[in-house]
Amino acid sequence: MKYLFPTFPGTLIAATTLLLTSMPLFADEDTKFDWFKPLSSWTGEYSADETYISDASVRHGQRQIDGFNESDTILRFVATPRIKLGVLRLGIEWEHFSFGFPDRTPLPNTFQELSAVIGLDTQISDSILLRFEAQPGFYGSNNFDSDQMNVPFIVGGTYIYNPNLQFIAGVSVDVEREIPVIPAAGVRWKFHRLWVANVVMPTPRIEFAAAKDVTLYLGANIKQTNFRVDSDFGDTHGDRRLNHAVLSYSEVRIGPGVDWKVASWLTVTAEAGYQPYRSFDFYRADVRFHEDGSAPYGMLSLHGAF
């Protein structure tokens with residue numbers, strides 16, 4: 001599942017164009033122009049994550065695939081300009097999965113997403129906040145083409161009972177998913193000055209404020225994304241049913257981690273643990289590989305807001 005309630009004008013290209021067109025081509029020699037002033041009014045969120053999962057195995061019937069690793073890279077930038085209706089969310093995201101499969105494995109070594117982020121946060125009342133966010137883009141393997149375009153989106157809300165207790169509910173929609181509409185709910189409860197139960201999908205966790213700028217946690221990351229493989233994938237991997245098929249990839253990671261707020265705009269997160277569940281599901285072709293042994297992982301993330 002994509003992030004239901006993530007914490008991040010136009011795409012990155014549009015934002016760059018806006019910045020450039022806001023600057024004069026020529027400046028009078030007697031006029032002092034602050035080239036960085038246009039940037040000072042920007043607000044936004046960013047993240048750069050890298051996860052490595054060690055040797056694992058999956059099984060489909062009597063066929064087993066052993067000893068492959070995984071690299072999951074995510075780069076995300078979202079500008080958050082304010083308008084009368086609330087806060088716009090405009091940006092770009094790229095996620096790249098790479099697997100070390102043996103030759104002739106009927107699974108893609110690479111699949112990736114390149115999408116825009118288009119959303120709005122708005123306040124209905126003092127206690128109710130709403131978010132809509134869509135990610136139109138390409139969800140494919142080695143090459144992007146028009147057949148791999150998709151527009152998953154989420155709609156959700158937060159009810160603020162008090163500063164220490166908030167309730168969250170929403171729905172995730174993806175027409176390429178086997179179950180297109182999935183509802184979800186959660187709660188964020190600060191039950192002690194040092195402890196927070198942040199039970200919100202897809203990253204529920206228990207947090208402990210170990211120091212002013214350091215938070216320890218134990219949590220999970222529940223991921224599910226859909227990709228469409230190339231039109232000749234089945235021909236080259238020994239199963240024609242997989243030509244141009246939709247692959248639903250799911251995994252669960254569980255482990256402890258630490259957030260270190262290095263600066264007001266930068267937090268470094270390190271996490272390690274085990275992956276007890278993974279699934280490669282060509283559900284329309286009835287071909288599914290499931291986890292046949294857990295694997296250790298490590299994750300490093302740089303993220304923040306400005």
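Which residues form a nonpolar patch on the surface, and about how much accessible area do they have together? Select Ile124, Ile128, Leu130, Tyr159, Tyr161 and Phe167: together they have about 570 Å² of accessible area. Patches here are made of residues with over 30% relative accessible area and no salt bridge, with nonpolar side chains (Val, Leu, Ile, Met, Phe, Trp, Tyr) joined within 5 Å and like charges within 9 Å. A salt bridge would be a side-chain nitrogen of Lys or Arg within 4 Å of a carboxyl oxygen of Asp or Glu. Areas are Shrake-Rupley values with a 1.4 Å probe, and for residues only the protein chains shown count as cover.

Before moving on: this is a predicted model, where local features need pLDDT of at least 70 and side-chain atom pairs count only at pLDDT 80 or more, while totals for chains, interfaces and linings use all residues. Numbering starts from 1 along each chain as its sequence is written, and side-chain values use heavy atoms, leaving out hydrogens and water.

β6 and β9 (153-162) each give two or more residues to the patch. Strands are DSSP runs of E, at least two residues, numbered from the N terminus. Now click Phe167, in strand β10 (residues 165-173); its relative accessible area is 37%, so it counts as partly exposed (buried is under 20%, exposed over 50%, partly exposed in between; 1.4 Å probe, protein chains only).

**Along β5**

Next, colour β5 (residues 110-123) and β4 (residues 86-99), an antiparallel pair with 12 bridges. Strands pair if DSSP finds at least two bridges between them. Leu88 has Leu120 in β5 as its bridge partner. Look for Gly119 and its bridge partner in β6, Glu133.

β7 (residues 137-140) also pairs with β5, antiparallel over four bridges. Check Ser115 opposite Gly137, then Glu113 opposite Tyr139.

**Into the core**

Finish with the largest nonpolar core, which has 27 residues; Phe68, Phe99, Leu107, Phe111, Phe280 and Phe282 touch the most other members. A core is a set of buried Ala, Val, Leu, Ile, Met, Phe, Trp, Tyr and Cys residues joined through side-chain atoms within 4.5 Å. Centre on Leu107: beyond neighbours within four places in sequence, its contacts (heavy atoms within 4.5 Å) are Val58, Ile65, Phe101, Phe233, His237, Phe280, Phe282 and Phe289.
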